[in-house]
Every structure is written in C-alpha cells, then in structure tokens.
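Please look through the sequence and the model shown below, and then follow the report on selected residues, contacts and helix packing.

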Amino acid sequence: MEQFLTFGVVGLTTAAIYAVVGSGLVLTYTTAGVFNFAHGASGMLSAFAYWQLAFGWGWPVPVALAVVLLVLAPAFGLFVERVLMRPVQALGEAERLVMTVALLTGAIALARWVWDPNTARPLRPFFADTPAIKLGLAAITGHQLLTLAVAALVAVGLWLLLNRTRSGTEMRACVDDRALASLAGASPQRAGRLAWILSTQLAALGGILIAPTVALDAAQLSLLIVSAYTAAVFGRLRSLPLTFLGALVVGCLESYLTGYLPQNDYLPGLRLAAPALLLFLALLLFPHRRLRGRDRRLVRVPLPTARGSGVFAASVVLFAVFLMTVLDEEGLISYGPIFSLGIVALSYVPLAGYAGQISLCQLSIAGIGAVVWGHLGAQGQVWALPVAVLVAGVVGALIAIPALRLSGIYLALGTAAFAVILDRWVFTLPSFEILGVRIALFDQGSVEAAGPNLFGWRLDSDTELLLLAAVFLALASLAVAWLRRGSFGRSLIALRDSEAAYATLGGRPLASKVLVFALSAAIAGLGGALYGMQQRTVTAEQFNLVANLPIFLVAVIGGLGAVGTGLFTGIAFVAPPHLLGHFGDWAHDVSTLMIALAGMGLAHSPGGIAPRFRAEWTPLARDRLLLPVTGGVLAVLWALYANDLIGGAMFLLTALAVGTALRVRATARLEGPQPAPDPVEWWGLRRPWRTEDQEVIARGLAGSK
C-alpha cells in the first residue's frame, strides 16, 4: 500500500506539470488555431535559461524565476506570435504546423549550440533542504507540493481569467466565432497575443518544474511534451477541465507503469512509449466531429514533363559521377548520403505533396528498411532489397489503416506518436519469435549493413554505393514523376483538394490513402536500406523523431509537390554540416538551425524552392545553343579540378558565375525584344487603365508647367 501511495504522489506531481503545459497548448489552439509543436521547446529553453541564471551565473533563485517567467517567456511568446505565426495566419493549417515544427527544430539546435550537451547541468529541486511531509504511508517533498500548488493556482487563475475578466471573455468569443467577435468590438489579434504570452509562460513553468527530475537535455525535455499533447487531445484541444483530467490519466499511468511493470527485456521501453501509445489511442477513439476542423490553402502541384524528368534523372547520375571523381574517401563517406536520404525525402512528395497527408515518421520507416536489409542482406543477397522495400510498404499500409479517420494536425500527431513508439520501445526490443519466425530489429545495439552482390560483383566501396544510391534516386524520381502524370496521381491531387468531392465523383478515398501510404513507405524503406549500406552500421538513434524533423523541413522548403525535392533535400541536409565542419564540432547544430530558419521563411514561398529553381533554369535547359556551351564549360572546369589545376572553391565560384550568366542570357533570348510602350494618349484603349497611370500623368503635367 505504501508503494502504491508513493507512486500515486509521483503520478499526481507529474500530472500537475502535464496539466500546466497542456493548458497552454489548448489556449493557443482555441484562440489562434495553431497547434504548437514547439510548446515543449519553449519550456526547454526556459529551463536552460533558469539554470544559466540561477546556477551558471549564481543569481538568486527568485530573481532568476522572475526574469524567466515575467520577461524572457513573455518576450519569446510575443516574438513567436508577431514575427513567426502572424504572417502564416492566412495560410492553411499545414503551413502553420510546419512553422511550429521549424521552431521546435531550431530551438533544439540553438540549445545544443549554446549549452554543450556533453556537459551535465543538474538542477536542484525547490525546497530540497526541507524535510518531506508525511501523508499517512506516503511522503511528499517540498518540490512535489509546490508543483501541485502551482497546478491548482493555474487552474483557478485560468478559470477566473476566462470567466471573470474582459480579456477572457474576448478570448472565449474569438474561440466561438472570430468574425462575429470582431463585429462586436473584440480583437482576435489581441486575444491571440495574450494567449501566446500565457501559453509560453505556462510552458516555462512546466519546463522549470520538471527539469530537476529529468536530465537537462534539449531533445528529451522538448519531447516530454508528448505527454502534454495527450492531455490536450483528451480535452479535444478545447476543454481545460478535460485537459487536466487527461494529464491526470497520463501522469498516473507513467508512474504506476514505473512501479508495477514486470521486469524483463521487452517492457522497459513500454513505459517510455506509454504517453505516445495513449496519444495514438486518444486520436483514434475520440469522435472526430468534436475536434476542430481543418483549414488548408492549396498549392499548385507542378506537372513534370517526360523530357524534363529524363533530363533531371540523367543530371542526378551525372552529379554522382562528378562527386566520384573529385571527392576523396573521406568526402565520399561524408557526401554519399545525399542520394539515399534524398530518396527518403522523395517519399514525402506522393504522400504530402500529392495526397496532402502529413507524416512525421518517414525516417522511422526508413529505419525499418535499413534493419530488414541489414539482417536479410548480410551477405549481399539482392533479393533482400525488394523484401526491405516490401516490408516498409506493409508497415506504411498498417499505419494508414488506423490513420484513415485522421487528417491535418491530427494525422501529424498520430504519425509523430508512431515515430516515438518506434524510437522508445519497438527499436529497443531484443530479438523475439512469432510463430517460429525469429524477428530482430536493432537488438538493443547496432546493425551492420553490407553492399549488395550483383551477378557476382560485390558493390562494397564508397564510390560504388554512392553511384548505386544515385541510380535508385534517379529511378525513384522518374517513378514519382510518372505517378504525377498518371491517373492515380491526378486522383491523389483530387483527394487532397476535396475528399468529399472525390468520393462523390466515384473515388475511393480510403483505398487511395492506404495505397499512397504504402507507396511512400516503400520509397522511404528503399532509401533507408541504401543509407544503411553507405553507413555500414546503423543505430536506432539515426532514425528517431528528432532526426526526422530537419529532413521534413528541408523537403517542405524544397517543395513537397516537386520531384526535384529529393535531390534538393539530400544536398541541403547533408552538405552544410560537412562544409561547416572545418570550423568546429558545432557545425551540425548551426546547419540545423539554418534549416529551421529557412523553414520559418515558409510564408514567403509556400510553394517551395525547387519549382522556382526549375522555372528559372528552364530557359537555359531549352536553349539549343547555350546548353551545349554550358556543358562544355563545366566539362573544362571539371577536368581542371580533377587534375588539381584549380581548387574546389575556384571551381564552384566559376561554375556558378558562368551558369548564372548563361541562364540570364538564355532567359533574355527566350523572351525576345520587348514591344515599345503605348503612347500616353492610347492608355485605356490599347491596354487597360492602371491606377498608377493617374500619378504618371499628374507628374508629367506638373513638370511641363
């Protein structure tokens, strides 16, 4: 009984923190329509800032708390609302989701850059020197008592704010009907701004309270928010009382699993994955009609031509050949994953770009492909590669079945929960048997992956594996382009535009979703298997949710509807860390931070960079005179570089300058001479009248006087 009460106290304390953090999530979602994936990162940064002030610099604890909770947290909330979220408020739910994912990724990278993750930073609990208070058979520490008191004060304070103040009434009115509230004199922007400030302060409170009980680690603290996600989903993302109830369920479940879960090699990860499992179940079981509807701004999906697709595929292979000839062994190891991870990123195109289904577990599925290849293709058996692709596709179809009733933010939450379940439990399992078949994943360690054996020729060198991955990326890009041009691709885009209209016209939304999930998972599995070959040895940490987020962001930046996104993502994700690596070990965090900042610029280019890049360089690709000239110049530069007559920087700068100049010339040749402007007296007759014409005429008349 004493043990039961002790774990109950711990569970209530943890539930109190989840309730505080989860209520902040509900505030921002109900007032601004934004589900903040970076909510946990706000608490994580606040915990690090509190440690820096109180323990790193020796400030008094009350002063440090006041600075963090009353200055830094509100300032961060205002910054997020004004600079990041307001520009994308007019966009769809997917764009707002990407913005918060970028903020989460950037916050983790920033914390790792500023605070070395290899240095321990313990936080003393509050009232650590105060004796525990006996409550019958159980005891409660001062820190636990403070946590419970803070949760109670937050609950009372939020009730008073929402029900007894003008600001709270304004917030509730904006939740019910923003347009009607505006007509009545309320300000949705003011209500959203207040919600972001309060939400960030609540996240800071939760982060500071939970940090003494866990390691002060950027990724771990940020992902503890999964439990708060579960609490918020219990509240339908609208009800604060139900959010507190959900937090109680999650906190007690975690605590009692810690105390009463049987001790064996298969169940420890279950306790860590329990909040994610509960989140997945809550998303599936709660009535969808009671959840907030989705909003979407459709982005045009480019239609690749057959000639353009072939040229792009050939360019991928030529780029690989170029890397083979100019990179040394270390460079091949560093830049080889451009093509294998590019295939993983390409899997987002049919799923998210064509069908509009957001997934945050593609890299986890790639891990399944790597594991299957590592175990079945240990001797280079070629048949193991299609098996790895098939297994990954089956897993994707299995994910799609329970996710069929989810969409938008709920699908993103469900796939993120699935990734966490794989990270924390499934990938940590030792080998086991099902119906006499032995199944081994990472087997609590690492998995070795060898190159394939093609007709007696063992592809095992870094050069051969790089070319193999490039060929598969080229073929996969052609397949995705062919899919876009075919009837199934058009069906997926119709499904993305309107599921109801698609079903009305005879489409089968459920079957299409399962097929596209399976297809994208198969592509990701192929990329994972090739990535495993290139890395020689892979671990579960390489395929977790935190590692997936930057790849997802780069794919979004490139353009989820563009076939070239795969190659773009591979280059943008792999190259910067190695180019910056000469300056220090912090290069990876800085490059991830750069990716996050680029993702935050989504509002300025929601269609992606790859389509714009293609439009800018298409005139040169179609110019029959300048295109061979470009190829000849690049071939000469290539030969000079390969023979050590020029350096790498000179090669890149010269190639960029020549290519840009020829592109500009090709664009001018395509457009031809511009017609002479119409005389002033013909304005409004030969062309429509423009509003600026009046100013031009007025200035001309003023100058003639």
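In which helix is Ser 46 found? Ser 46 is found in helix α2, which spans residues 39–56, where helices (H or I, at least four residues) and strands (E, at least two) are DSSP runs numbered from the N terminus. This is a predicted model, in which local features need pLDDT of at least 70 and side-chain atom pairs count only at pLDDT 80 or more, while totals for chains, interfaces and linings use all residues. Residues are numbered from 1 along each chain as its sequence is written, and side-chain values use heavy atoms, with hydrogens and water left out.

**The chain as a whole**

The secondary structure of the chain comes to 30 helices and 8 strands. Of its 705 residues, 52% count as buried, a term that means under 20% relative accessible area, with exposed meaning over 50% and partly exposed lying in between (1.4 Å probe, protein chains only). Among the contacts in the chain with a separation of 6 or more, 77% are accounted for by residues 24 or more positions apart, contact meaning heavy atoms within 4.5 Å.

Leaving aside neighbours within four places in sequence, Ser 46 is in contact with Val 68, Ala 204 and Ile 208.

Thr 28 lies in helix α1, residues 2–32, and counts as buried because its relative accessibility is 0%. The side chain of Thr 28 reaches the backbone oxygen of Leu 25 at 3.0 Å. When residues up to four places away in sequence are not counted, Thr 28 touches Gly 33, Val 34, Asn 36, Ala 195, Trp 196 and Ser 199.

Val 9 is also found in helix α1, and at 12% relative accessibility Val 9 counts as buried. With residues up to four places away in sequence set aside, Val 9 touches Ala 138, Ala 139, Ile 140 and Gln 144.

**Pairs separated along the chain**

| Pair | Separation in sequence | C-alpha to C-alpha distance |
|---|---|---|
| Arg 193 and Glu 81 | 112 residues | 6.4 Å |
| Val 9 and Cys 252 | 243 residues | 8.7 Å |
| Ala 392 and Ile 523 | 131 residues | 8.2 Å |

Arg 193 lies in helix α8, residues 188–210, and is partly exposed, with a relative accessible area of 29%. Not counting residues up to four places away in sequence, Arg 193 touches Leu 78, Glu 81 and Arg 86.

Ala 392 has its place in helix α18, residues 384–400, and is buried, with a relative accessible area of 0%. With residues up to four places away in sequence not counted, Ala 392 touches Ile 365, Ala 521, Ala 522 and Gly 525.

**Cysteines**

Cys 252 is buried, with a relative accessible area of 18%, and Cys 361 is buried, with a relative accessible area of 0%. A search of the whole structure finds 0 disulfides, a disulfide being a pair of cysteine sulfur atoms within 2.5 Å.

**Packing of helices α13 and α20**

Two packed helices are described by the angle between their axes and the distance between the axes. Helix α13 (residues 306–326) and helix α20 (residues 462–485) pack at an angle of about 170°, with their axes 9 Å apart; axes here are lines fitted to C-alpha atoms, for helices over the stretch in contact, and angles run from 0 to 180 degrees between N-to-C directions. The angle therefore makes α13 roughly antiparallel to α20, since angles over 145 degrees count as roughly antiparallel, under 35 as roughly parallel, 65 to 115 as roughly perpendicular and the rest as oblique.

The residues that make this contact include Phe 312, Val 316 and Met 324 of α13, and Leu 466, Leu 473 and Arg 485 of α20. The residues of the contact divide into 16 nonpolar, 4 polar and 1 charged, where Ala, Val, Leu, Ile, Met, Phe, Trp, Tyr, Cys and Pro count as nonpolar, Asp, Glu, Lys and Arg as charged, and the others, Gly among them, as polar.

**A positive phi**

Most residues other than glycine have a negative phi. Arg 536 has a positive phi of about 70° although it is not a glycine. Arg 536 has its place in the loop between α23 (509–535) and β8 (537–539), and is partly exposed, with a relative accessible area of 29%.

How values were computed. A polar contact is a pair of N or O atoms within 3.5 Å; within protein, one must be able to donate a hydrogen and the other to accept it, and residues adjacent in sequence count only if both atoms are side-chain atoms.
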